[in-house]
Each structure stands twice: as C-alpha cells, then as structure tokens.
Amino acid sequence: MRTTKHGLHRGLLIALTLFVVLSMAVFAGGQQEGAGQAEGGAEQAEPVRMTAGFTQEESLETLSPTDAWQYGEMGCMFWPLVYDQLWIMGPGPDYEAIPALAKSWETEDNQTWTFHLREGVEFHDGEEVTAEDVEFTLEYFVHSDPVWEYQEVMTTDIQVIDKYTIQFTLEEPHGGAGGKYPPGFWTPIVPKHIFEPVKDSIPSYPNEEAIGSGPFQLKEFKSGEFVWLEKNEDWWGEGPYVDEVVFRMFGSEDARDMALKRGDIDMIGYAGVDPVSAKQFEGLDNIEILTAGGLQIPWVTFNLHNDTPIQDLAVRQAIMYAINKQRIADIVYLGYAERVYGFIYPEMSEFNPNVKRYNYDVDKAKEVLAGAGYTDTDGNGVLNDPETGEDLEFEGPINSQKTYMIKTMRLISEDLAEIGIKINVKPTDQSTLLDYLYDPVSDNYTISLIDEEPGPYADWVWEFARSYENGGEGWNTAYYNSEEFDSHLKALLSADTLEERKEHSYAMQRILSEDLPFGFLVRPEAIDPVRTDNVTGYVEAMGISNWINPWSYIKAKPVE
Amino acid sequence: MAETGLLKTTDTQKKKTREFFQLLLGHGMGKTGIIIIIIFLVMAFFSPLLWTNDPYKSGEAKDILVKPSAEFWLGTDDMGKDVWSQVVYGARVSIMIGFIAAVITVVTGAFVGIVAGFFGGKLEEGLMRIVDFFMMLPILPLMIVLAAVLGPSIWNIVFVISVVSWPTTARVVRSQVLSLKERPFIEAARCIGAPNKRIMFREILPNVVPLLFAQSILMITETIYAESVLSFLGLGDASKISWGQMLHFAFESGAMSNSPWWVIPPILSIVLLIVSFSFLGTAVSDVLTPGYKEKRGY
Amino acid sequence: MRNFLIRKVIASIVTLYAIVTANFVIFRMAPGDPIRMMFRDPRVSAEQLAEQTEKFGLSGSLWDQYLAYMGNLLQGDLGLSFWQKRPVIDVIAERIPQTLMLVLTALALAVLIGTFFGALAGWKSGKKTDSIILSTSLTLYSIPSFAMGIVLLMVFAYILTIFPLGGIRTPASGFTGIRSVLDVLWHMILPAFSIILWYVGEYILLTRSSMLDVLGQDYILTARAKGLRERLIRKRHALRNALLPVITITGVNLGFAVAGIIEAETVFSWPGVGRLIYDAVLKRDYPLLQGVFLVFAAAIILANFVIDLIYSFVDPRIRVGE
C-alpha cells in the first residue's frame, strides 16, 4: 500500500511535468509554420519595421469582414492598408479624393456614376482586380452587414461595361461635398474569387488569408496579439518605404506607453496617448511629441423622448450654460482641447461661427431656469418642476470603458449641482449603454455622453439628427425631430456646388444649436509621441494614425 | 478546521467569552490582526474627520497627479482628487461591503446548516446537494458573470458574493450540528419535550457561535478580496470610491507607471486588511482547537 | 466500487446539468437587447435583427429556446460569439493550451515549494520556523494576484525593464524551434510568478494543517517511540500521508484557483481563457461569456471526478465510507 502511495504522488508529479513539457512542445510546433517564412526573409538585410501599439480594447480579434473591423481601432488601421478602395481621402489639410483602384470617374446627374479602373492591379494572390470585383463588392459585400451600408454605395443598378469600367446608379443622388468626393468612400474592394463561394454568409467567413490589393499584405495574424504586415512590392502607388508594419497589442495604456519609451514600438496605433501620459515623453531622446486637433468629438446627448423636464428647451439651455467647458478641457484633457460648437471642426470651411454658443455662465443658467418657473420648493437643494413638483433629477448612464467620459460626466454633474440639477451618474458597460442610446424610445437614459469621429468628410454624422420620420436609421440618440433640419439635410446631401452646400450646413449647425438635442463641449487634441530613431515622416491628418489616416505607414521612411 | 472544540452552554457564557478574547489577544497573530483591523475600523468610522479633502470632489487643473505633499498627503489622482482621502473613504466601502456580505452569508449558511443537520433525512440530503452544487462552481467566473448581468452597483456585488459564499458556512455548520445532536444536553432538551425551534436556536445555535465567528472572518476577507477583484476588472460601481476602483482607474488611466503614490496605497490597504483578517482567523481557529488553553499553560 | 463510480458519475452529470440550466437562465436576465447590442452599428434593420435572433437561437418561447440550447450543447455547439462571429467553441479551444501551460507550470512549482515549506512548518509546529512560514504564507495568500501582478509588472517591466510588458511571445518575431519556446518561457515568468506566490501560500497552509493532523496520529507516535530518526519519520511516514488530503483539497479548491488565472492573464495580457472571460465581459459577448463559464465549470467537475477516482483507488476507506 505504501509503495502505491509513494508511486502515486511521484507519478503525479512526473505526469504533470510531462504535460507541461508536452504542451510547450505542441505549442512550439504550432509556431514552426509561420516562423519558417521569416527564416527565408532573414537572409536579406534586416527588414525595416514600423510598429504601432494598441490596447487590449482596441485589438483585432478576427479578420472576418464584420463590425469588428470598423468599430475596432486596430481593424480600422488594418483594413485600408490591406485593401484598396476606389478612391482614398488624402492627408490634411486638403483631404483631397485621391484616385486609387479607380483612376478616374464621371457623372452627369450625381446618381449614375462611371468609374474607370487602373489596369494591371493585382490582389496579393496574383489575381487581377477587375470591374467584376467592384460589382461583387457593391452587390453583396455592402449588404452583408449594416456596418458597410453607406447610402453612397446603395445602388439600384450595376453594370460592368468592360473589364476596367463599371457604371452604377445610386438610390439617392450623391453630391459628394459639392463634387469633391465621389461615392465609394471607405468601401474596400474585395476579391470576388474568394468571397463569391461564401456570398450568403460573408460576415462569418473567417478570411484568414485577408487577400486584398492594398500597399501591405498579411504575413501573420494572431488574434488579440498582433498583426504582421509586409510591403506589397507590386503596389500601384508610391510607397510604402518600410518593409513591415506590425500592430501590437498591450494589456493597458500604461504598458503600451511604456513600450514606446522602451523603444519596443514606434508610435501609438490609434488617436495618440491620454493627456495624463503625455508629460512622461517630454524631453526624451529620440521621441518627438506631435499634436493636432483630434478626430474625435464627444458631445452631450439629451433624450427628448423621455417625459421629463429635459424636454423643456429652457432646462437644456440652462444645462449648457452651467457646464464649465474650460474646466473640462483643463482637467480631463489637461488643456489639450479646444471648444467646439457642433459636428463641424472649426478649421473646416463649412464651420458656422455664428451659432448659439452657450459660454459658461452660471448666473445666466439660473436666470433661465427661474424664468421658466423652476424653483426649489421642497428645500432639498434640487429644483422642482413647477407643474409636477418633481425634482430635476436625471438618469445619466455613462460609458464605463472610457475614463474620459466618466471624468467629463462627473465634472458636468458637479457643475449642474450648482444650479440645482441632479444627475445620477451611472457607469454602464459600452454595449448596454449603446443599446440604451440608440434606442431612445426605451427611455433608459435622460442625459449622457457620446462621441464620434466625424472626419473632414462628415456627411454621415448628420444622421445623428435625422428624424425617424424622415428615414433616420437609429443614430438619432436624442429622438430629435425637426422637419426644417431634415429638409436642409436632404438638400445638403445632393447639393451640386460648395456654395449651396455651405448654406445648408450653416443652417443645420444653427438649428441644432437652437434646438439643443445635443450639447457640444470640447474637442480633444491627438497627442502622438513618436520615436524618431527608426522611421521619420509621420503624416498628420487629425492625428498620425486613425481611420482617415493610413498615410503614416505608407509614407514614413526608414532613418538612414 | 474549526469544527472541533466547543464550549458548553451550561457554563457561564460571559466568562467563556472573556477567556476566549484573552486567549486571542495572547496569540501573536491574533493581536497583530486585531490591531490592524482596529486601525482600519477607525479609518472607516471617522473617515469624514480624517479626510483632508472631499474624496469625491475633483480638483483644479494644477492639482492633477501631484506628488505627495503637505496639502495632499499621498498625492492626487488624474482628476486632482486626494489619494489619502480616497484611501480613507475606501476603507469605509470595503469594510462595509465585507461586513454586510459576511452577515448575510453567515446567517443564511448557519440557518441552512442547522436545519439540515438537525432534521437530517431527505431535507438534509436535498440541502446538501444544493450546497455541493454551489461548491463546485468556479467562484470568480460566476461572480463575473453575475456582476456583468446585474450591472455595476455595490449592492449587486454584495448580493453576488452572498449567493456564492453561503454554502461553505452551511457545510461547516451542518457537520458541527451533527456532532452536537448526539450530546446529552440536546437529548435532555428533547426529553423534556422542547419544541424543535427552541432546540435549534436556543440550544444548538449558541454552541456554533464561535464557529460562525471564525466563518464570518473568513467571509469578510473573501468579500473584500472579491470586491477588489471585480472592481479591478471594471465590474465594480464606478460611482463609489473603493480600493479596487482606485486601482481600476489607475490601471486604465495610462498614468500608473508614473504615479506610484496613486497605486501603492490602495494595494497596500487591500493586502493589509485581508492579511489582518486572515491572521485573526488563524488565531481564532487555533484558540478554538481543543487543548490550546492547556498548551499555553492557562 | 462500481456503485461508488456510478454514483459519482451521476452526481457529476446532475451538477453539470444544473450549471448548464443556470447558465441559460442567468443570461436571459441581462439588461438590454443582446441582439441589438451585437451590432455596434445602429442602422440595423428589423429583418437583420430577426435574422440574427433566429441565428443565435433567441427566437420562439423561452422553453423552445431552452430546448434548442440544450440540443446544440449536446452536439458540442456553444453558439456563435457575438463579437467574433465565429463558433464559441473554436474561440475557446484556441485559448486553452495557453492557459493550461501557464496554470500547470505555476501549479507544479507551487505544489513543490508549498508542500515542502508546509511540511516543514507542520513538523516544526509551534516553533519559530513555523510561525515565520505561517505568517509569510498567510500574507502571500492574502495578496490578490492582480495586485501582485501589478506590482511585479511595475517593478520588473516598467522600472527595471528586464521583463516583457505582457503577452505570450515577442510579436512578429519569426522565432522558430527552441527559440520560440524560450521566448514563451521568458514571457511566462512574471505571470507565472504572480500565480505561484498566491498558490504557494495556499499549499503551505494546506500541507501544514494536514501534517499537523497526521503527526497527531498513533502510528507516528509509535514510530517515534521506536526511536526512528526524525528525518526518516518525516519523509517516510508523515509527509506521505499528509500529501493525500492536499491532493483532494486541490480538487475542491480548483474553483477558487481559477481566480488567479483570470487575474494574472488580465494584468499580463496573456491570451488564455482567463483573459477571454475579461474580454467577453468588456464586450458583453454573452454567448462567449456563457461558453467560458461552462468550460471552467466542466473542467472543475471533471478534475474533481478524476481526483475522487484516484483517491478511491488509493484510500479504500473512502469507498467504505460512502
């Protein structure tokens, strides 16, 4: 008996050790395949690699063409580097439409468009890119998942004229920012020969090879760990100049920023660092801090469907007067932020400087509330509704995954407490919160914060205010309904000239500022510390790496 | 471990209790534990007097991530809030959650344990199956799942911890009751026709009190631990200050590496508090071991 | 013996069934519309919603959903991940080797170190060595492994910069063969350590108390009376017998030990099942969360069953006792 016992626990230990060793071996075996390719490349000179760091929340988990792409930061960067589009938006400050797969395009009526494709462009697997691929993309791909359904690629008719010419008719006329941008923005052209067999289940196609025709091709992908891209030698355009691009995932912002300091990465993969982290990079060798007005605009959204005093314009005005925007800029963004008044960035030509601005003014806020009859009748420090006698107390769920939002909402609730309005700040996970926001009818929120990255070509962002009656499709978190606004929006989208367009844009900015479905606060800067000892020539477009800006990877050059 | 060595009810309860605490204070770990716990209790009770700044109030721009100074004893966080005040306030939340969850758990566990042990038979069988089932569950994943589904709030955390933890107590109490049932004084009570309710709560309950005390201590440490882990994983109540929350925000902020004064105090507090309760727990179970008194020469 | 086995198997199956059912119920309690939440893009049409509701088995009455869920489960189908849009079982299977590697290494080392010091403490019960070991292990055991992880990360990766900042390997390294194994080992040191320190505390406490029990038994007293040398008694008699309960308790404690894995994997972004549960929570990927939970539960039940089995072979008293 004793020997059995003795044998047993020794046996257990041996088994355990064996298991560990074996699993390591199996694991290492799994590595062989991908690594074998690297061996071959290693015979040449050391490849120049550009590495960008992402956080765990931003990382790409799958290459299948679903919302994981567009709504994940790493996906947003991966996609324009691996796939070509018909045209691509150039870097700032002009943000021109640059011909890509299409070398030219024309239209008579803004509704029927003809695109002439570049000849001899190949996918990474050697197949040529033709009009058939474009047709397939518009026919199936853009309908596969709501994430690809932009109005500007919704067609009623598609015709392949010849191998390199395609003509399609849009459901709605497309003014394209007064002719500046043709349809097809942010729509990858996918290889028909790969996606056709799975055309009815595109979103669940694993797409492990990720065959595109873009400036980089996939070398290795490890879900939630890294994306390893190498230069597409046969790319039609100028560049890229680096041999490899690697997107690396880190467990936290801290780890990522530390990696930049240590030299493990060259740049931050999306929208720069948190302002509190920026200071640590000042004065370091081989590190330069680039700043620019950022892409992202956060704003306050009010739920006008909610049967509370929030429906009273006076209350919303008072709230906007009472919020100390400078303090938000100072505390949440450490001064790296500028005031904004609407969806349009102040440097844009369509920015309307004459909207109602609601500059910080507590007295004015109190005056507005008193004028509308709100007084503290029960003496609890919170104002009461003159009709129902209820407290001005609002539900404020907030995205618990974004610290800047929690901070902003806290400051707002501190400010509003001053004028007798109480906000129940409730940190909520992102998915549940978005469900609340995008479904205002469910009345799960009264006041909250939301953010978006409108970009220079921001026609889509107006959808946030389009009424449900006039075709609003769920973006409208405020349950806002203004016929005047909707008619301007319709006119703007099909406007032929910049002048005509500007007129409508101005009107829409003014209307939103008067009706206040949304309250605009500040626009954070993109703070990008970059290493200068490996590559140089980072390209700015509201930050050096974001969904409108893949240019840094294409244009950066190795340091000699 | 604490299932053995019980005091008899017939003796004067007061004397026993005094002796128990004397032994506890004579135990090195017990003393250390009690002292640290008292310090934290003082922090929790008198936190409004101890905090130097309102822990909920954001500071001004100049106050952000300030190093420890005369004004901010432990520096400030990324919203300019005083770390010392938050640590003091956090003690309040952590200890409160710990005590409430411990009370719920131990009361439920004791009730189930006594009922199961006393009545036996099918009832016991059924109750113990449920207990076994709960004890098989992966605790933290279950807590994560429940917290995710129920939403972030302090009360949900208390609820989650209670749901998951009561079976341990139930099991320990039951086996204690099983051995008590055979004791003469219970037999005697039965003979004189005392109703079951009376026997269970007047005769048996007082005898499991020391055991429940030990269990409560265990539950408090587990609760404090669980709250900190859930908060750290972002499932806590972000509108309340707790040590786990502080760590969560520090870890998420991107400023942790440069501001150790923001990270170390909450970690140290969590560890110290749990350690002190573990020390106390060990001491209690030592003291309850039969023969301990004699060994120490009392 | 056969009866015992059958009873164990039935008990395990019943427990598993109860967990599976509880799993189903819990996730029906979640706030919000899970299908809506699946689409980050709000421009989702009613047809698309209906289609996905069908696809994810959320249409029909609760009872129908339950039957469909159980039916799928029996075929090993855990549903589709909301976020990754691929079978949950695939997503989890990918992560299992990484987790096993980390946890088994940590466990093996922790058992070795823990039983050694635990036995030593038990043997020297009441002496200074004992109280030092005891208080150290209590302290180690009290430090949540995420806190330990943060400290290790700050000290060794941020400040001293001698270890990696997380992950399982150097990304895009192209390492092959032994170099890739070494690379993984290199990345494993800090996360493993944060778990080991925690487990060690536990094993010391377990072995110590088990040792104390054994030392009080008659046969040890007999051995001492026979004048056997202390070392021999410790090795031959006491330790060997003290280890058995440690093995059983390991099984019971697995449910608890899982916590260490989740925390370490989160802090060190180790791509295992533990971090998957964190990711699934962040993204409210309910099918994935459900799947991971089920896998953890099943693993624990299985481990307990195996340990019961081993134990019943080794110690006949158990069988009789049942």
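In which helix of chain B is the place of F45(B)? F45(B) lies in helix α2 of chain B, where helices (H or I, at least four residues) and strands (E, at least two) are DSSP runs numbered from the N terminus. The model is a predicted one, in which local features need pLDDT of at least 70 and side-chain atom pairs count only at pLDDT 80 or more, while totals for chains, interfaces and linings use all residues. Residues are numbered from 1 along each chain as its sequence is written, chains are lettered from A in the order in which they are written, and side-chain values use heavy atoms, with hydrogens and water left out.

F45(B) contributes, together with I38(B), V42(B), F46(B) and L49(B), to a nonpolar surface patch of about 550 Å². Such patches join nonpolar side chains (Val, Leu, Ile, Met, Phe, Trp, Tyr) within 5 Å, from residues with over 30% relative accessible area and no salt bridge, the areas coming from the Shrake-Rupley method with a 1.4 Å probe and, for residues, with only the protein chains shown as cover. Helix α2 (residues 28-45) gives the most to this patch, with three residues.

Between chain B and chain C, 37 residues of chain B are in contact (heavy atoms within 4.5 Å) with 43 residues of chain C. The area buried there, that is, the accessible area (1.4 Å probe) lost on putting the two parts together and summed over both, is about 3700 Å², of which carbon and sulfur atoms give 84%. In chain B, M136(B), V149(B) and Y225(B) lose the most area to chain C, together 17% of what that side buries.

Between chain A and chain C, the contact takes 70 residues from chain A and 64 residues from chain C, and the buried area is about 6200 Å², with 60% given by carbon and sulfur atoms. Four salt bridges are counted between chain A and chain C; in a salt bridge between D429(A) and R284(C), the side chains meet at 3.1 Å, N to O. Several elements of chain A give two or more residues to the side that touches chain C, including β9 (226-231), β10 (244-250) and α13 (430-437), whereas the largest share of that side, 20 residues, comes from α1(A).

How values were computed: Patch = residues over 30% accessible without salt bridge, like charges linked within 9 Å, V, L, I, M, F, W, Y side chains within 5 Å.
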